[in-house]
Amino acid sequence: MENNHFDTEIIKTKNINFYYGAFKALTDITMNFEKRKVTALIGPSGCGKSTLLRLLNRMNDLIDGARVEGEVLFEGMNIYDPEVDPVEVRRRIGMVFQKPNPFPKSIFNNITYGPRLTGTANKSDLEALAEQSLKQAVLWDEVKDILGRSAMTLSGGQQQRLCIARALAMKPDILLMDEPTSALDPISTAKIEELIDELKKTYTIIIVTHNMQQAARISDKTGFFYIGKLIEYNATEKIFTNPDIKQTEDYITGRFG
Amino acid sequence: MTRQTMSGAMKRRYFKQHLFFGAVLLSAIILTLALGGILFYILVNGIQVISWEFLTSPPTDSMTKGGIMPAILGTLYLTLGAITVALPLGVVAAIYLTEYAKQGRTVRAIRVGVNCLAGVPSVVFGLFGLGFFVVFLKFGSSILSGALTLGILILPTIIGASEEALKGVPQTFREASLALGVSKWLTIWKIVLPNALPGILTGSILGIGRAAGETAPIMFTAAAFFTPRLPQSVFDEVMALPYHVYVLATAGTHIEQTRPIQYGTVLVLVALVLGIDLIAIIIRSYMRRKKRW
C-alpha cells in the first residue's frame, strides 16, 4: 500500500498542530499533496494557509515561539525529525514569496547564488544552469543580454519570475508559492500563471492564493481553510462547482471572507 | 483673515506660536555660532604655526620649537590599532545579538551592558587599561595597551552601529537565502553582512574619530610626554595629539611660549577628526546611492 502511494504522493502532513506562542494557528491538519500537480490553498486572511505552506519547508523555524506538533512526511521521511537538517529540506523544497525578493545583485548572481553556495563552482556549469533556469521561468529572452545588470532594475513581474528561476536553479522537487502574484499587475499575473501550468510537468507546486479565480484556473486540487482548520480538500473542479461542505460554498460564492 | 480682524484669543495663540518658533530658531543659531566660533578661533590661532615642517618634524628645544610629527604618527597608530581590535569584535557581537541570540532577558541585559559601557567616563577606561593591560598583562605603557583601551572605549559605538545596520537589512533577503537551502551562517556572510556594511563602516569611522580625540584613556596606557625616537614596536610608548596638547598646556615651564604650538596641534587634531567624519559621510552617501531596496 505504502509503495503505491509513493507514486502519486510526494509530501503529506499528519495531524499537524501549529502554535505561535499560545495562539493555535493550525488544528489537526492531515493532507496529501500529489506529485506533479498544482495544489491551491485558499481561505480568508488568518486562516492558516500560509502557515501551513511555510511549515512544509520549515521556514516557520525562523519565528520565535513557533511550535509544531505532528509530522510532515516528505517522501516518507518526517522533516521535523530532530535528525533532519532544515537546510537540506529547503534545498529540495523551494519557495517563492509574496513580494518579489531578488538580492541586490546582478541577475546572473541571483540565479547562481544558491547553487554556488551549495556546491556548484564550475563557471560553465553555472552559466548553463542560469540559462536553463531562466528559460524554465520564461525570462531568458528578456534578460539574456543584461545578465550582469542589477536584478533591482527589472519590473515587478520580471523580478518574480527571476525569483522563480532562482528557486528552480536549486532543482527542487517541490515549489511552494506564497501568493506569488498578489503584488503584480494582471499581465504579469497571467504570465506567472502560464508559467505554473508549464512547471507542473516537472515540479510539484503548492500555492497559497487569495484569488479564487486564480485557484480555479491553475490548480488541480484545492484545500479550503478556515480558522486554522482544513474544511474541505477536493479536486478543484468539485470545490468550485459542487463543494461537499456548506462553508466552502459560502466562501467561494463570496458570502463571507 | 487679517491680523486686525483676529479675536483676542487667536492673537495670543498667534503670538505664542511666533514666540516658540523664535526660541527654536534662536537655539539653532546659538548652537551654530558656538560651533563656528570654536572652529574659527582654533583656525585663526592655529594656522600661523602650520607648515610642512610643523607636520613633519619632531619637537625641539624642550618642545618649545619644532613640529608634532611623532604625535600625529602616534595618534594614527593608536586609532588604527583600536579599530583593528574593536571592529571584528564589535561586528561579531552585533551579529550574535541580532541574528543568533533569542530575544529575551539575556539579550536585553547584554544591550543594557553595552549602553552602560558607552556612558562610562573615558578616564575610567584609562584606569582599567592601566590596571589590566599595562600592569596585569605586563604590556607596559605602549601602543598595544593604548590601542586595546581605546578599542574597548569605541566598542559600544561599533556594536550599536552594527546592530542598527544589521537590523536594517530586509528580512526578505534572509528568507530568500534560507529558502534556497543556504545555511544561516552563509546567509549572514553572503547576504546580510555585505548589505549592512555601509552602516557598519559609518559607525566604525565615527568610532575612530572618537578614539583619535580621547586623552584620558591613553594618558596612563600609551602616551608619552616626549619620545626621543619613533616607536619601533607595539610595545613602545608613543606621543599622541590630544595628550601633547594636554602636556603643553598644563605641564612644564613654557606654557605661554608653546601657546601657538598648542593651537597648531589642536587644529591638526580637529582637522583629523573632522576629516575622518567626512570620509564616513562620503562613504555613506555613496553606498546609499548604490543601494536600492
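Two strands count as paired if DSSP finds at least two bridges between them. With that rule, four strands of chain A form an open sheet in the order 2-1-4-5, with antiparallel pairing. The model is predicted. A second open sheet of chain A has six strands in the order 6-7-8-3-9-10, and its pairing is mixed.

- Eight bridges join strand 1 (residues 9-20) of chain A to strand 2 of chain A, in the antiparallel sense.
- Tyr19(A) has Lys24(A), in strand 2 of chain A, as its bridge partner.
- In general, strands of a sheet pair through backbone hydrogen bonds, either parallel or antiparallel.

- The edge strands here are strand 6 and strand 10 (229-235) of chain A, each of which pairs on one side only.
- On average, neighbouring strands of this sheet are turned by 20° against each other, direction ignored.
- Strand 6 of chain A pairs with strand 7 (residues 174-178) of chain A in the parallel sense, over four bridges.
- Met95(A) has Leu176(A), in strand 7 of chain A, as its bridge partner.
- Helix 7 of chain A packs on the sheet and touches strand 6 and strand 7 of chain A. The direction of helix 7 makes about 170° with that of strand 6 of chain A.
- Ile174(A), in strand 7 of chain A, stands opposite Ile93(A).
- Strand 7 of chain A also pairs with strand 8 (residues 204-208) of chain A, in the parallel sense and over five bridges.
- Met177(A) has Ile207(A), in strand 8 of chain A, as its bridge partner.
- Strand 7 of chain A is mostly covered, as four of its five residues are buried.

- Helix 4 of chain A covers residues 107-117, and its buried residues include Ile107(A), Asn110(A), Ile111(A) and Tyr113(A).
- Helix 5 (123-136), helix 6 (140-143) and helix 7 (156-168) of chain A are among the elements that cover the buried residues of helix 4 of chain A.
- The axes of helix 4 and helix 7 of chain A come within 7 Å and cross at roughly 35°. This crossing of helix 4 and helix 7 of chain A is right-handed.
- On the side of helix 4 of chain A, the contact is made by Ile107(A), Asn110(A), Ile111(A), Tyr113(A) and Gly114(A). Helix 7 of chain A contributes Leu162(A), Ala165(A) and Arg166(A).
- By class, the contact of helix 4 with helix 7 of chain A has five nonpolar, two polar and one charged residues.

**Where chain A touches chain B**

- The contact between the chains involves 23 residues of chain A and 19 residues of chain B.
- On the side of chain A, helix 3 (86-92), strand 6 (93-96), helix 4 and helix 7 are the elements that give two or more residues.
- Helix 3 of chain A gives the most to this side, with four residues.
- The residues on the side of chain A that touches chain B divide into 12 nonpolar, five polar and six charged.

**Two helices of chain B**

- The axes of helix 3 (residues 69-100) and helix 8 (residues 184-213) of chain B come within 9 Å and cross at roughly 140°.
- Helix 3 and helix 8 of chain B are therefore oblique to each other.
- The crossing of helix 3 and helix 8 of chain B is right-handed.
- The residues that meet include Thr75(B), Ala82(B) and Leu87(B) in helix 3 of chain B, and Ile188(B), Val192(B) and Ile200(B) in helix 8 of chain B.
- The contact of helix 3 with helix 8 of chain B has 12 nonpolar, four polar and one charged residues.

**Phe54 of chain B**

- Phe54(B) lies in helix 2 (residues 52-56) of chain B.
- Phe54(B) counts as buried because it has 20 C-beta neighbours inside 10 Å.
- Leaving out residues up to four places away in sequence, Phe54(B) touches Val49(B), Gly67(B), Ile68(B) and Gly264(B).
- Phe54(B) and Gly67(B) are 13 residues apart along the chain, and their C-alpha atoms are separated by 3.8 Å.

Terms used: Residues are numbered from 1 along each chain as its sequence is written. Chains are lettered from A and ligands numbered from 1 in the order in which they are written. This is a predicted model: local features need pLDDT of at least 70, side-chain atom pairs count only at pLDDT 80 or more; totals for chains, interfaces and linings use all residues. A residue is buried if 20 or more other C-beta atoms lie within 10 Å of its own, exposed if 12 or fewer, and partly exposed in between; C-beta atoms are placed from the backbone. Two residues are in contact if their C-beta atoms, placed from the backbone, lie within 7 Å. Ala, Val, Leu, Ile, Met, Phe, Trp, Tyr, Cys and Pro count as nonpolar, Asp, Glu, Lys and Arg as charged, and the others, Gly among them, as polar. Axes are lines fitted to C-alpha atoms, for helices over the stretch in contact, and angles run from 0 to 180 degrees between N-to-C directions. Angles under 35 degrees count as roughly parallel, over 145 as roughly antiparallel, 65 to 115 as roughly perpendicular and the rest as oblique. A crossing is left-handed if the near helix is turned anticlockwise from the far one by less than a right angle, and right-handed if clockwise.
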